[in-house]
Amino acid sequence: MNKPFRRRDLLGIRHLSAEEIIGILNTAENFREINQREIKKVPTLRGKTVINLFFENSTRTRTSFELAAKRLSADAVNISVSSSSVAKGETLIDTAMNLDAMSPDCIVVRHSSAGVPHQLAKVSKAAIINAGDGANEHPTQALLDAMTIRERKGNIAGLEVAIIGDILHSRVARSNIHLLTKLGAKVRVAGPKTLVPDDFAFLVEKNLEVCPNVETAIEGADVVMILRIQSERQNSAFFPTLREYSIHYGLTNERLELARKDAIVLHPGPMNRGIEIASDVADSSRSLILDQVKYGVAVRMAVLYLATGGAASNE
Ligand code: CP
């Protein structure tokens with residue numbers, strides 16, 4: 001039987017067990033149907049308060065956390081860092097402690113520095129949810145990716161997953177590598193040598209291979225996950241030009257032909273069409289990019305529910 005997820009904070013995938021991950025995914029499955037109803041609201045988190053504290057831009061993560069909270073009847077507050085007292089020089093910890101003094105149940109935080117959610121978890125009485133910390137982790141992204149893969153493939157164990165692009169700066173890659181290998185998938189990574197460290201396979205004990213080129217990684221893959229070029233985290237040139245990046249590493253229909261016939265394509269967004277992914281691939285029937293966004297709401301409903309004391313589903 002699965003051990004349910006009983007943690008208060010969700011700081012990353014790295015320290016979760018396979019059973020905890022499955023418990024979150026199963027709980028998200030139970031919430032999924034609410035998002036298809038005409039009235040998309042249930043009273044599950046009535047009286048709870050969720051604060052979204054985003055120090056970096058976001059479309060999908062912030063909106064879906066807000067929708068998730070509202071669809072569960074929690075009060076959701078979005079803090080825009082540019083109009084908050086952070087802009088006047090208030091420290092991160094002071095900001096968190098002041099928010100905490102207003103007794104929220106959950107603080108969802110995104111920050112450009114790795115480890116910020118972990119720091120907040122030490123001083124906050126509220127549950128802290130990591131919505132992306134620097135190049136470290138983006139746990140709810142990996143969970144919604146897993147939900148998308150499970151939906152199409154039935155199971156994650158035994159799948160071959162190619163992750164292509166800027167591995168070095170990608171919190172999405174790290175969280176996915178932890179999650180997918182814990183659930184029994186084999187992961188292959190590829191990209192420019194400057195963005196895929198040779199020793200990257202140290203990250204997990206097994207089932208992670210660093211490939212010499214994109215074609216080797218994609219060959220026979222069940223899932224092809226394309227990453228965005230993280231230009232905001234690159235303070236020097238890691239490849240000559242975007243055009244050359246696109247030629248050597250971009251996902252085209254021709255490269256996708258190397259994958260299994262029923263392979264699916266994922267991208268966490270935002271997409272740079274014509275650079276890391278060709279538009280016709282992004283818009284094809286093999287692309288589940290909008291399904292990822294759809295499942296993001298159910299995953300975040302599950303995470304908020306569990307972080308505020310709900311019980312994980314074992315089924
Ligand atoms: N995938 C993702 O984190 O997207 P946003 O930056 O829009 O939240």
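Helices H5 and H11 pack at an angle of about 120 degrees, and their axes are 8 Å apart. That makes H5 oblique to H11, where angles under 35 degrees count as roughly parallel, over 145 as roughly antiparallel, 65 to 115 as roughly perpendicular and the rest as oblique. Axes here are lines fitted to C-alpha atoms, for helices over the stretch in contact, with angles from 0 to 180 degrees between N-to-C directions. Helices (H or I, at least four residues) and strands (E, at least two) are DSSP runs, numbered from the N terminus.

Before going on: this is a predicted model, in which local features need pLDDT of at least 70 and side-chain atom pairs count only at pLDDT 80 or more, while totals for chains, interfaces and linings use all residues. Residues are numbered from 1 along each chain as its sequence is written, and side-chain values use heavy atoms, with hydrogens and water left out.

The crossing of H5 and H11 is right-handed; the term applies if the near helix is turned clockwise from the far one by less than a right angle, and left-handed if anticlockwise. Contact means heavy atoms within 4.5 Å. On the H5 side the contact residues include Gln141, Leu144 and Thr148, and on the H11 side they include Gln292, Gly296 and Arg300. By class, the contact of H5 with H11 has 7 nonpolar, 5 polar and 4 charged residues. Ala, Val, Leu, Ile, Met, Phe, Trp, Tyr, Cys and Pro count as nonpolar, Asp, Glu, Lys and Arg as charged, and the others, Gly among them, as polar.

H11, residues 289–307, also packs against H2, residues 60–71, at about 55 degrees with the axes 8 Å apart. That makes H2 oblique to H11, and the crossing is right-handed. Among the residues in contact are Arg60, Thr61 and Ser64 of H2 and Val293, Gly296 and Val297 of H11. The contact of H2 with H11 has 8 nonpolar, 3 polar and 3 charged residues.

H5 has another neighbour in H1, residues 18–32: the two axes come within 10 Å and cross at roughly 70 degrees. H1 and H5 are therefore roughly perpendicular to each other. Their contact divides into 8 nonpolar, 1 polar and 4 charged residues.

On a 1 Å grid over the protein atoms alone, a cavity is a set of points where a 1.4 Å probe fits but cannot get out, a pocket is an open set with protein on both sides within 12 Å along at least five of seven lines, and lining residues have an atom within 4 Å of a point. Grid points are joined across faces, edges and corners, and a volume is the space filled by probe spheres set on the points.

The largest cavity has a volume of about 70 Å³. H2, H5 and H11 each supply at least two lining residues, and H11 gives the most, with 5. The lining includes Arg60, Gln141, Pro268 and Gly296.

The second largest pocket holds about 180 Å³. Arg7, His15, His118 and Glu137 are among its lining residues, which comprise 3 nonpolar, 4 polar and 4 charged.

Lastly, the backbone. A cis peptide bond joins Gly269 and Pro270, with omega about -5 degrees. Pro270 is in the loop between E9 and H10. Ser73, in the loop between H2 and E2, has a positive phi near 70 degrees.
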